[in-house]
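User: I would like to learn how to read a few features of a protein model. Please take them one at a time, with the general idea before the case.

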Amino acid sequence: MATTIFAQTHTSANAKTTSNMENTNGTAITLGGKTIHTIGKLPAVGTQVKDFSLTGVDLTEKTLTDFQGKYIIMNIFPSVNTGVCSKSVRTFNQDAASLNNAVVLCISKDLPFAQKQFCGAEGIDHVVMLSDFRSDFGITYGVQIVDGPFKGLLSRAVIVVDPQGKIVYEQQVPEIGQEPDYAAALAAVK
């Protein structure tokens with residue numbers, strides 16, 4: 001009988017959660033042409049960047065303060081173990097080598113161990129890999145996916161922050177399988 005009550009409660013909670021997700025103020029994007037949603041919207045250009053706490057490949061916590069005084073390019077994506085995501089990391093790694101007073105943060109829900117292994121295998125050494133596996137970055141920045149097969153992962157987005165902490169560029173990529181606009185993100189770093 002306890003199992004039946006639990007099942008009914010669990011089903012009721014799931015229906016409520018699904019209903020709440022459908023009524024969010026999130027962003028509609030696509031995955032393979034099918035509509036999915038993020039939990040919110042990216043922070044607007046001209047607003048102050050919100051602090052964050054993410055985990056580095058060495059398992060230390062990294063916050064906004066660690067990168068203060070530089071341009072910050074946040075390359076946000078679902079998983080480094082997918083083709084477009086890994087390509088975005090490689091492309092930003094190549095571009096970051098020529099940037100002055102700038103850092104590229106590659107942010108996903110991947111475990112730090114997987115991020116470190118990928119960087120070692122690919123020779124990635126000009127970007128900072130950060131994991132959102134134990135923080136609320138995806139919710140705070142409006143990029144956590146709330147439905148579909150990638151539910152719980154981060155959407156593909158780019159945010160550029162100036163040295164004073166103001167957002168100067170943002171792009172919520174409309175299709176998960178599409179690459180971000182690298183040129184526009186780099187142009188925002190003046």
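Analyst: Start with exposure: a residue is buried under 20% relative accessible area, exposed over 50%, and partly exposed in between. Keep in mind that this is a predicted model.

User: Is E179 buried, exposed or partly exposed?

Analyst: E179 has a relative accessible area of 27%, so it counts as partly exposed.

User: How many salt bridges does the rule give?

Analyst: The count comes to four salt bridges. One of them joins the side chains of E61 and R134, at 2.9 Å from N to O. E61 lies in strand 4 and R134 in the loop between strand 7 (128-131) and helix 4, so this pair ties together parts that are 73 residues apart in sequence. E61 is partly exposed, with a relative accessible area of 38%, and R134 is partly exposed at 49%.

User: What is the N to O distance in the salt bridge of D132 and K109?

Analyst: The distance is 3.4 Å. The two residues are 23 apart in the chain, with D132 in the loop between strand 7 and helix 4, and K109 in the loop between strand 6 and helix 3. D132 has a relative accessible area of 0%, so it is buried.

User: Next, aromatic rings. How many aromatic pairs are there?

Analyst: The idea is to look at ring centres within 6.5 Å and then at the angle of the planes, where over 60 degrees counts as edge-to-face. By this rule there are three aromatic pairs. In one of them, the ring centres of F52 and F137 are 6.1 Å apart and the planes stand at 85 degrees, so the pair is edge-to-face. Together with Y141, F52 and F137 form one aromatic cluster.

User: Why is the pair of F92 and Y182 classed as edge-to-face?

Analyst: The planes of F92 and Y182 are at 75 degrees, with the centres 5.2 Å apart, so the pair is edge-to-face. It too links distant parts of the chain, with F92 in helix 2 (residues 83-96) and Y182 in helix 5 (residues 182-187), 90 residues apart. F92 is buried at 0% relative accessibility, and Y182 is buried with a relative accessible area of 13%.

User: Now strands. How many residues of strand 5 are buried?

Analyst: For a strand, check each side in turn. Strand 5 (residues 71-76) is mostly covered, with six of its six residues buried. Y71, I73 and N75 are on one side, and I72, M74 and I76 are on the other.

User: Which way does strand 5 run against strand 6, parallel or antiparallel?

Analyst: Strand 5 and strand 6 run parallel and are joined by six bridges. Within this pairing, I72 stands opposite V103 of strand 6. With helix 2, the two strands make a right-handed β-α-β unit. Strand 5 also has five bridges to strand 8 (residues 157-161), and that pairing is antiparallel. A157 in strand 8 is the bridge partner of I76.

User: Which residues form a nonpolar patch on the surface?

Analyst: The patch consists of L59, L111, F113 and F133, with about 370 Å² of accessible area together. F113 lies in helix 3 (residues 112-122) and is exposed, with a relative accessible area of 54%. L59 is found in the loop between strand 3 and strand 4 (61-63) and is partly exposed at 39% relative accessibility.

User: What is the phi of L59?

Analyst: L59 has a positive phi of about 70 degrees although it is not a glycine. N101, also not a glycine, has a positive phi of about 50 degrees. N101 is in the loop between helix 2 and strand 6 (102-108), and with a relative accessible area of 44% it is partly exposed.

Technical notes
Residues numbered from 1 in each chain as written. Predicted model: local features only at pLDDT ≥ 70, side-chain atom pairs only at ≥ 80, totals over all residues. Heavy atoms only, no water. Phe/Tyr/Trp six-rings, centres within 6.5 Å; stacked < 30°, edge-to-face > 60°. Helix = DSSP H or I, 4+ residues; strand = E, 2+ residues; numbered from the N terminus. Buried < 20%, exposed > 50% of the residue type's maximum accessible area, 1.4 Å probe, protein only. Patch = residues over 30% accessible without salt bridge, like charges linked within 9 Å, V, L, I, M, F, W, Y side chains within 5 Å. Areas by Shrake-Rupley, 256 points an atom, 1.4 Å probe, with all protein chains shown as cover. Pairing = 2+ DSSP bridges. Right-handed = clockwise from strand over helix to strand, strands pointing away.
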